[in-house]
Amino acid sequence: MFKKIASEALGLSDIGSIIQPKDFGSVDADDYLFHEDGEKIFFLIKSKKDEYCFTNLALIHVDGDSAVSSKRSIKRYEYATEDIDHVTLETAGTLDMDVELKFVIGGVAFSIDVRKVFIEQLKDIYKALISIGKRQRADAICRDNALRTLDATASMYKITTAASGEAITAQYNEILKNLNSVMLVGYTKRDFSDVFTKYIHA
């Protein structure tokens, strides 16, 4: 107990370690995965207070009040709806004990201190997060373009004659159907397994 209190006072409880894949089943975050939907852990940082669990579908943050408390708050950030940006990695100086991974997801800023012996693994998640953010922005551009196409088709319908109206209406309905289908898939299950597999080296 006294060691935990000392760590809390010195701020050491916040310095995390990278958990190896063979130990993923023993972490708290594993209990909150949607295994039924194919969700799995690709990268996990654990400190005495918190767990930062990066799955193929979301970031799960097991948020602890302190190193001496067992109380936890589970927060989930879906990649489908929460954009990732401002990803930075601050390396350690000669006397530093830790390196720092920073990013924003869904408008929430994270700053995670990790023991500097894990710098190579942190480079992997740094690359993965940047790549996810790039794809999210590309998806947003595609959605905007689709909506513009829908608006343009609607405008065409307004100026068509009755004879050509049926063809335009059919085209509009088909575009709307496809757009709804794509957006529904994108917002309900955006799987980034391929990104994590590309960059994360166990």
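Colleague: What does Gln121 count as, going by its relative accessibility?
Modeller: A word on the basis: this is a predicted model, in which local features need pLDDT of at least 70 and side-chain atom pairs count only at pLDDT 80 or more, while totals for chains, interfaces and linings use all residues. Residues are numbered from 1 along each chain as its sequence is written, and side-chain values use heavy atoms, with hydrogens and water left out. Buried means under 20% relative accessible area, exposed over 50%, and partly exposed in between (1.4 Å probe, protein chains only). Gln121 has 23% relative accessibility, so the residue counts as partly exposed.

Colleague: Good to know! Which helix holds Gln121?
Modeller: Helices are DSSP runs of H or I with at least four residues, and strands are E runs of at least two, numbered from the N terminus. The protein has 4 helices and 8 strands. Gln121 belongs to the one spanning residues 119-159, helix H2.

Colleague: Which residues does Gln121 touch, leaving out those up to four places away in sequence?
Modeller: Contact here means heavy atoms within 4.5 Å. With that sequence neighbourhood set aside, the partners of Gln121 are Ile18, Gln20 and Phe43.
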